[in-house]
Amino acid sequence: MTPSRNALSGPLHDVATDAGYAAPPERVGFFTDTSVCIGCKACEVACKEWNLVPEDGLQLTGMSYDNSVALGADTWRHVAFIEQTAPPAVPEADGDIRWLMSSDVCKHCTHAACLDVCPTGSLIRTEFGTVVVQEDICNGCGYCVPACPYGVIDQRPGDGRVFKCTLCYDRLVDGMEPACAKACPTESIQFGPLDELRERAAERVQTLHDAGVAQARLYGHDPDDGVGGDGAFFLLLDEPEVYGLPPDPVVTTRDLPDMWRRAATAAFALAVGATVSFLGRRP
Amino acid sequence: MVPEAEFRSYYGRPVIKGPVWKTPDVPVYLFAGGLAGTSAVIAELAAWTRRPALERASRVAAAGGALIGVTALVHDLGRPERFLNMLRVFKLTSPLSVGSWILAPFSGLAAAAALSALTGTLPRLGRAAGVGAAALGPAMATYTAVLFADTAVPAWHEAYPELPYVFAASAAAAGGAVGLVAVPLDESAPARRLAVAGGATELVVERVMEGRLGFVGEPYREGRGGRLLKAARLLTAAGTLGGLVTRRSRVGSAAAGVALLAGSLLTRFGVFEAGRASARDPKYTVVPQRARLTESA
Amino acid sequence: MAEAHPVGFQWVMEAKRRGATVIHVDPRFTRTSALADQYVPIRAGTDIAFLGGLINYVLENEKDFREYVVAYTNAPAILREDFEDTEDLDGLFSGFDPQHNTYDTSTWQYAGAEAASDRRDTESDTGAAAENKNKESGRGDRMGAAGAVSARPELDETLQHPRCVYQVLKRHFSRYTPELVQRVCGITPEQFRIVAEAITRNSGRERTTAFVYSVGWTHHTVGVQYIRTAAILQALLGNIGRPGGGILALRGHASIQGSTDIPTLFNLLPGYIPMPHAHAEQTLDSFVGSDAGTTGYWGNMRSYVVSLLKAWWGDAATADNDFCFDYLPRLTGNHATYQTVMDQIDGKVLGYFLPGENPAVGTANARLQRAGLANLEWLVVRDLSLIESATFWKDGPEVETGEMRPTDIGTEVFFLPAAAHTEKDGTFTNTQRLLQWHHKAVEPIGDCRSDLWFYFHLGRIIRDRLADSTDERDRPLLDLTWDYPTEGAYDEPSTEAVLREINGWGPDGRALSSFTELAADGSTRCGCWIYCGCYADEVNQPARRKPGSEQSWVAPEWGWAWPANRRILYNRASADPTGRPWSERKAYVHWDEDSGRWTGPDVPDFEPNKRPDYAPPDDARAEHAIGGAEPFIMQSDGRAWLYVPTGLRDGPLPAHYEPQESPVANPLYTQQQNPARETYVHPLNRYNPSAAQQGSQVYPYVFTTYRLTEHHTAGGMSRGLPYLAELQPEFFVEVSPQLAAERELEHLGWATLVTARSAIEARVLVTERMRPLRLDGRIVHQIGIPWHWGPNGLSTGDAANELVSAALDPNVHIMETKAATCDIRPGRRPRGPALLELVEDYRRRAGVSERTGTEGATTR
């Protein structure tokens, strides 16, 4: 399908130009290779340190080693932990244990529902192709929160505005990589031009498949998916829902034209219905 | 299509985030907005067909509903002092932006029209304002369905084909109910007709909607959302029937009207709760998406 | 490693990316296991059996790297006739003295050799320690020869002689079969086979295998023998001194390597020179003479000592006064930390400094520690925040139980805030002996000051007060060189000046480049001979940061490694006896005939122009006594020691002993625990009964302590920080679903854990990563306890060290925290005096007495 200007869904190669930038730099993003994540959470800490995100919860969750729980207004990098035990090869023996670890982040979608539904223009597309909240404009209407198909953006208690990963916009403009990518010791979080990352990711998946890791797959890499591909995509070792990710996310805006049509028709029907009610003799 | 009973999730946690909107603020706004929109239309039609009592009552309902709605919305904001930022841009992709640009002029016009009608000042300007409000009125009633549906909330998004009609019909029932409650029998006939038509339509369309939704429609049938919608249905049915049989009873009409108003209000609460429930339980997000992938594979 | 050294672990991931196989052996499935190719669950405290099994596999199947073994290890050395092995004496070696639980090691010697220093020190201890069997015996504390032999052993290079080390080794490990490994460790023969085949396949001329360990191997009453077992295995496989090989010790703190190099240990001087003793070694000559072997680089001991004394006492140190050798403090006995705590309890210690140390929760047997702290005249705590060791007196656990009242505690506590590492210059020395400089990024806030500032100005003030003293006792302080320049608003001493002094300078005042320049005539000064060269050419070598991409793969211009910036020790062993690399693939350092030098990407660990065929004359001394094909230059015989004839207190060979506390009777020998281990008899340090002893079923479960990535040691540096506290907000223990069922524990519920010392409470995490082990016909459960918590901070909880006892390795006095026993039960613990009642009730049921667990030689 050929992308058209201001398309609401489908592949869209140049998000920044589409958003109105004259000569934007290459689109950048994250490739998070969860097959080399060691669950150290340096990404969580580096993000909070750089962005002065408040601490958000001192309760043991029992969700393996995940006490951060989920992405939200005060957690912009969230490391998930999933313990799995394979059925034993022989009864009486122990099955192999697998411990999946994955650092989740805002996907900076090509078609970002949060951005689409923001009524104040607070959420914008930057020249880097990323999606960012302008905190001096946001009035906390909260519409972006249920619009996000990944459940990323949220309202900060006590503040009223919404917050999410900025892909360290302030670092990007100074030519630096985001704090989480810098801190990650195993290069699970890789930052760079999105095209390059996608190539690297394809190679990595191939390497893993050749090594017998059949369950390795990319997630969010495909420009033909429901959000036009993510600016932050992943290599996973199991189904997305195991990590808390939607299997087949779709930007809600895709259906919006149809919604408007139906709303218009319903409104029209209401007007007609009201008018008809007044026809005929009194009373 | 029967969805898989088994699905996987991350410790049973939600995949998406439910609305942070406050209750009762947002459900009340939906109700008040629909009521106000329809009332604005009824007011103009009443004026045109010379039914002054109906006109007055509807003008007040339009203005009052708008006022309640605006208050509820501003109160719901995380940063209420920044409510004017709603008018920084006009975005078609944002039902809330479009809605703000509908609500803002509508409130002004409806208030002006009501003030003019009640005080008798500037009648021509007041009439013009009323016409303007009436033009925006139906939109007031239906854009809120788009507001809800244009999210990732499964019970809302998947319901988008019918939801505008449900809200329109519910608004019609509420707008008409104002006439049943506040207007003498000799002027309220059109309101009665509209109320009954709205109520009946709402009941039918809702059934159709839930039937088509299937698994994802579960929150409309079960839990808190289910209970609220059941109550709403009962009240709307009672009010619709009541509207039909109380042509000659002022008191009966008022009772029917109140039932319809309550039903319309509870419908909004019910839809709101159903949405929240569908956001909370990961199965409503995962199961249909997984099924979609399996089908296309 | 991924848990405790996540940044270092990136290199393991890099190796994986390049095709390396990673095998993880641990009682728990950790984040390291998650990334490993193979995970081997093991019963805590049984690694000697496992490694011994691998040694047995190598020997039985002749998978050793034969040429390397014959030429470079003491495998061919012949032992004395009267040596008896654990196979002969059911778990003991010859020479055991059951009265004192020590060994007379003379029968362990090579046939015909005499140990240079092998005296049994009969120094008496007093007070609480009198009951204990802690003695100072052989000086096992130095690296290398450690009591070098003065003559060359007889060799049988065919390895057939029944008393050659190779044959003794074979016999010693002959019963460490895969079946035995299963009985002891709970490792299945299949798992064992995979590991054995992997490491042997990956060793030899073309390939090398590396072992990486941390305190999981050292915090045992047989800790040193753990390392020894790995050393034997690696030496047999030819993996020492070669790229990609070695045994890498990951440390518990950023610069703990540095803290033994420039030591904070009671029995060492800088560069692993032993501390002199009060009643022996009254002169410099006797000190140097007794501890320097006549072969190996330790033969230059005098130069190292004199240069150190000159660094400290400068011009006051002359040949006439033995270079102020008399000024050095002396040992009078065992001043190790646990002995010191016992002495504190006995009222023999008046004052105590705790800079960056938190024994109230961070050291084994926290109750014992606090009892010591409560019995001082004064205590100085320097730390980043009010740690438990500074506040125990007002709200420690003993105040809650009623055992102590603040009004009764006489200790005067001074808390002085410390600067963090980002607020001062300095070095870290990490495990591969690499010194890396770190620069001050910000000034410390408020009254926070660096340790250097503190000690320098404390010394300055004391010297000022003593300036007019005529008392001889004060000369050592007054004659010290104490003239570091200071800078800045706080008069911060120059750290670089200190580094330069450590490096040392020659008679011309210029920084020295190598320890070979050190002289014994007082013309050189050097604060630490192994660090000599770190300031060569007046350049701060540790501060070098040349990126790896701009230099060779050895990257010698990043930081500076001691000694002499050598990156792999004993790298002569990467070439065969003729000086050629064992293989092209594993070429590292080799002999270049044309230039007459050893060359390679690293500094050769050998005299640069010593020919491979050099045969030392009979009267040769020091390094000249090392032949051209003898890579292990710090050993007096130039060989890697598979068998240690002198220097260790608990055996020339490792043997599997059970931990101090264990539910399992030693399947190998009647001897249950390490017979020479150090125990302390004290009411606060009771031990659980073990194995088949009456009462052991009262504490039936194995527990092990460990770290999580999110916190650091006892939590003083992490539990007060919101960003870390929220990552692991509460103290928890990890149990298997089977143990949870057995003891009715609930996931996220509370549990109480009890030992003979104390009881603590924790949340419960039920996880399949903890596995029950099937061994010897029964199930053994293990409980995992992270030791990061204490009562102070943002995230608080009980301290794991309340459960742990003081039972030490006899060579290095390190406590056993990695394997012990306890009971676990659901629910929170009692508070106040009821806690003491609970612990006492358990002791009664188990029949715990002051004798329990203190047996040296055990009988069944």
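Contact means that heavy atoms lie within 4.5 Å of each other. The model is predicted, so local features are reported only at pLDDT of at least 70 and side-chain atom pairs only at pLDDT 80 or more, while totals for chains, interfaces and linings use all residues. Residues are numbered from 1 along each chain as its sequence is written, chains are lettered from A and ligands numbered from 1 in the order in which they are written, and side-chain values use heavy atoms, with hydrogens and water left out.

**Exercise 1. Contacts between the chains**

Determine which chains share the most contacts, and how chain B stands to chain C.

Solution. Two pairs of chains are in contact, and of these chains A and B share the most contacts. Chain B and chain C, by contrast, do not touch, their nearest C-alpha atoms being 14 Å apart.

**Exercise 2. The overall form of chain B**

Describe the secondary structure of chain B, and then its dimensions, burial and surface.

Solution. Begin with the helices (H or I, at least four residues) and strands (E, at least two), which are DSSP runs numbered from the N terminus. Chain B has 11 helices and zero strands.

Next, take the radius of gyration, computed over C-alpha atoms, and the globule rule, which is 2.2 Å times the number of residues to the power 0.38. For 297 residues a compact globule would have a radius of gyration near 19 Å, and the 20 Å of chain B agrees with this. Along the principal axes, the C-alpha trace spans about 65 × 50 × 30 Å.

For burial, a residue counts as buried under 20% relative accessible area, as exposed over 50%, and as partly exposed in between (1.4 Å probe, protein chains only). By this criterion 59% of the 297 residues of chain B are buried. Among contacts in chain B between residues at least 6 apart in sequence, 78% join residues at least 24 apart.

Finally, accessible areas come from the Shrake-Rupley method with a 1.4 Å probe, and for residues only the protein chains shown count as cover. The accessible surface of chain B is about 11,500 Å², with 66% of it belonging to carbon and sulfur atoms.

**Exercise 3. One residue of chain B**

Locate Ala238(B) and state whether it is buried, exposed or partly exposed.

Solution. Ala238(B) lies in helix α9 (residues 223–245) of chain B. Its relative accessible area is 42%, and Ala238(B) is therefore partly exposed. The C-alpha atoms of Ala238(B) and Ala259(B) are separated by 6.8 Å, although the two residues are 21 apart along the chain.

**Exercise 4. The overall form of chain C**

Solution. The C-alpha atoms fill a box of roughly 75 × 70 × 55 Å along the principal axes, and 61% of the 860 residues are buried. Chain C exposes about 31,700 Å², of which carbon and sulfur atoms supply 51%.

**Exercise 5. Strand β10 in chain C**

Identify the strands that pair with β10(C), and give their sense.

Solution. Two strands pair if DSSP finds at least two bridges between them. Strand β9 (residues 351–355) of chain C pairs with β10(C) in the parallel sense over five bridges, and Pro355(C) has Arg382(C) as its bridge partner in β10(C). Strand β11 (residues 412–417) of chain C also pairs with β10(C) in the parallel sense, over six bridges, with Asp383(C) opposite Pro417(C). Five of the six residues of β10(C) (residues 378–383) are buried.

**Exercise 6. Strand β10 in chain A**

Solution. The bridge partner of Asp33(A) in β10(A) is Leu235(A), and that of Tyr219(A) is Phe234(A).
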